[in-house]
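Dear colleague,

Please find below the structure I am handing over to you, together with its sequence. My notes on what was found in it follow directly after.

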Amino acid sequence: MRLQGRLVYHEPSVHAGFLRYRMFILKVNPERCKACGLCMHFCPVGGLEYAEEYNAAGYHPARQGDPEKCTGCRQCLLMCPDVAIEMFRVREEVKEKAEG
């Protein structure tokens, strides 16, 4: 595992198949989020929403709505002034081999 900015990369194991990224999972730290809405405003696909529960400061923190919508553009990570968002890529192994 290595860190690059706030995007966490989990290194793949060595195998004969290929890996592709199916979806991106956002993890919002609810105690750091002050519900400013910048992540939601700058998300090009509208993949974030307010949670129904409150955090300790009395705000409705942001959360990921539909993980299938997320394109991994990282705009929410870049805009969050509280550094409350982490992004994880979910991979699936594709068994076919490249030609050539």
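**Cys39 and the nonpolar core**

Apart from its neighbours within four places in sequence, Cys39 is in contact with Leu48, Ala62, Cys76 and Ile85. Please bear in mind throughout that this is a predicted model. Cys39 belongs to the largest nonpolar core, which has 16 residues. Along with Cys39, the residues with the most contacts inside this core are Leu26, Leu48, Cys76, Ile85 and Met87. At least two residues of the core come from each of β3 (18-28), α1 (38-42), α2 (75-79) and β6 (85-94). The largest share is that of β3, with three residues. As a general matter, nonpolar side chains in soluble globular proteins tend to be buried together.

**Overall architecture**

The chain has two helices and six strands, and their order along the sequence is β-β-β-α-β-β-α-β. Of the 100 residues in the chain, 29% are buried. Considering contacts between residues at least 6 apart in sequence, 65% join residues at least 24 apart.

**Cysteines**

How many disulfides does the structure hold? The number is zero. Cys70 is in no disulfide, and the nearest cysteine sulfur, that of Cys76, is 6.3 Å away. Cys70 itself is buried, at a relative accessible area of 16%. For Cys73, the closest cysteine sulfur is in Cys43, at 6.0 Å from its own sulfur, which is too far for a bond. The cut-off that applies here is 2.5 Å between the two sulfur atoms.

**Salt bridges**

The count of salt bridges is two. In one of them, the side chains of Lys34 and Asp82 meet, with an N to O distance of 3.6 Å. Lys34 lies in the loop between β3 and α1 and Asp82 in the loop between α2 and β6, so this pair ties together parts that are 48 residues apart in sequence. Lys34 is partly exposed, with a relative accessible area of 39%, whereas Asp82 is buried at 17%. Leaving aside neighbours within four places in sequence, Asp82 is in contact with Arg32 and Cys33 as well as with Lys34.

Arg63 forms a salt bridge with Glu49, and the closest N and O atoms of this pair are 2.8 Å apart. Here, too, distant parts of the chain are linked: Arg63 is in strand β5 and Glu49 in strand β4 (residues 48-50), 14 residues apart. Both partners are partly exposed, Arg63 with a relative accessible area of 32% and Glu49 with one of 33%.

**Backbone and loops**

Two residues deserve a note on their backbone angles. Most residues other than glycine have a negative phi. Arg74 is located in the loop between β5 (62-64) and α2, and its relative accessible area of 25% makes Arg74 partly exposed. Val83 likewise is not a glycine and has a positive phi, of about 50 degrees. The loop between α2 and β6 holds Val83, and Asp82 is found in that loop as well. Val83 is partly exposed, with a relative accessible area of 38%, while Asp82 is buried.

The loop between β5 and α2 also contains Asp66. Asp66 and Gly47 are 19 residues apart in sequence, yet their C-alpha atoms are 6.0 Å apart in space. Asp66 is partly exposed, at a relative accessible area of 37%.

With kind regards

Conventions
Residues are numbered from 1 along each chain as its sequence is written. This is a predicted model: local features need pLDDT of at least 70, side-chain atom pairs count only at pLDDT 80 or more; totals for chains, interfaces and linings use all residues. Side-chain values use heavy atoms; hydrogens and water are left out. A nonpolar core is a set of buried Ala, Val, Leu, Ile, Met, Phe, Trp, Tyr and Cys residues joined through side-chain atoms within 4.5 Å. Buried means under 20% relative accessible area, exposed over 50%, partly exposed in between (1.4 Å probe, protein chains only). Helices (H or I, at least four residues) and strands (E, at least two) are DSSP runs, numbered from the N terminus. Contact means heavy atoms within 4.5 Å. A salt bridge is a side-chain nitrogen of Lys or Arg within 4 Å of a carboxyl oxygen of Asp or Glu.
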